[in-house]
Amino acid sequence: MGNCMVLRKKKKKKKKKKKKKNFFFFFFFQVKYNMSIELEKKFSDKRIKQQHPSFSPIDRDFIRAIKNGTLRLHANKRRWTDIIQTCRLCGYVSETLGHVLAHCKCHASMWHLRHNDIQNRLVMAITDYNNTASVRVVSVNRRVRGVDSTLRPDIVVDKMSDGSRLIVDVTVPVEHAHDPCRTRAAFEKARYTKNTKYRPIANALTCQGIRTRVVALIIGALGTWDEKNAETLKELGISTLDAMALRNTLCLQTLKWARRIYVRHMTMGKRNTPKH
Ligand SMILES: [Zn+2]
C-alpha cells in the first residue's frame, strides 16, 4: 500500500511538471509567433508606405500579400498542403497570380477594361496637359487611314513640331514580384512585340511621306512603371511634373485593376467549382 501511495504521488508530480512545461512552451511560442507577425507587418507596412505613398490600406494589404506569397491561390497553398495546383476556373496547370492577371481567359473582359482605362487616361493627359499644343491626337483605337491593315493601334498622334507621326500602344505585361531583372526582361519583350506588330503600318506611312514611329507605354499588371515611359511621355508633349502625376495615377489604377481581377477570380471560383 505504501509503495502504491508513493507511486501515485510521483505520477502527480510528473503531471504537474508536464503541465508547467506545456504552459511555458505554449506561452513562449505564442509570444514569439505574435511578435514575428507584428514585426513583419510593421516592417512591410513601412516599406510599402515608402514605396507607394499614395496607396490606400486595402491596396497596401494586397501588395503585402503578393510580396509575402499569402494570396489564396492554389500555387501559393501548394507550399503548405497537397492541394491540386490547377486553376479553379480554366484548369491550367498552375494557378499563379501571373496566370490570373494575364493568361486566364475567363478574365479577358476585365483585361480589356483595364487596358481601355489606361488608354483613356493617357489620351486625356495628352489633350489636357499639352499646353503648347505640340501634339494632336489623330485617332484612338481605330484603323489607320490610307494603310491596308486591319490592326487598330491604341493612339495615333501627330507631332506639330516636325510633322512626324507617333503610334502609341499601351500594354500591361506581368512583372515578377521578387525579381526586377525578370520584370525588365518582360517589359523589353512587350516593347519588342508591340514594335514588330505595328512596324508594317509605320513603314507604309513613312513610304507615303509621313515619318512614323512606334512607341509603347508599359505598366506592369501590379502597377510597376517602366522607366522608359518617361521618353514616351516627353515625346507626347507632357512635362516632367505632369508625367509624375500621370505615373502615380496610372500605377495606382493598374494595381486596383489587379485587385479587382483577383477578387473576381476568387468569387467566380467559389461559385463555379467545388471546394478543394
Ligand atoms: Zn485560369
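Helices here are DSSP runs of H or I with at least four residues, and strands are E runs of at least two. I applied this to a predicted model.

**Fold.** I counted 8 helices and 4 strands. I then read their order along the sequence: α-α-α-α-α-β-β-β-α-β-α-α.

**Burial and contacts.** I looked up burial next. Of the 276 residues, 25% count as buried. I also checked how far contacts reach. Taking contacts between residues at least 6 apart in sequence, 58% join residues at least 24 apart.

**Core.** Which residues have the most contacts inside the largest nonpolar core? I found L101, L122, V157, I167, V168, L217 and A258, in a core of 45 residues.

**V157.** I left aside neighbours within four places in sequence. V157 is then in contact with I126, V135, R136, V137, V138, L166, V168 and L236. V168 is also on the list of residues with the most contacts inside the core.

**N141.** I went on to backbone angles. N141 has a positive phi of about 55° and is not a glycine. Most residues other than glycine have a negative phi. Where does N141 lie? I placed N141 in the loop between β1 (135-140) and β2. Is N141 buried, exposed or partly exposed? I counted 14 other C-beta atoms within 10 Å, so N141 is partly exposed. The buried class needs 20 or more, and the exposed class 12 or fewer.

Definitions and conventions. Residues numbered from 1 in each chain as written. Predicted model: local features only at pLDDT ≥ 70, side-chain atom pairs only at ≥ 80, totals over all residues. Core = buried A, V, L, I, M, F, W, Y, C linked by C-beta atoms within 7 Å. Contact = placed C-beta atoms within 7 Å.
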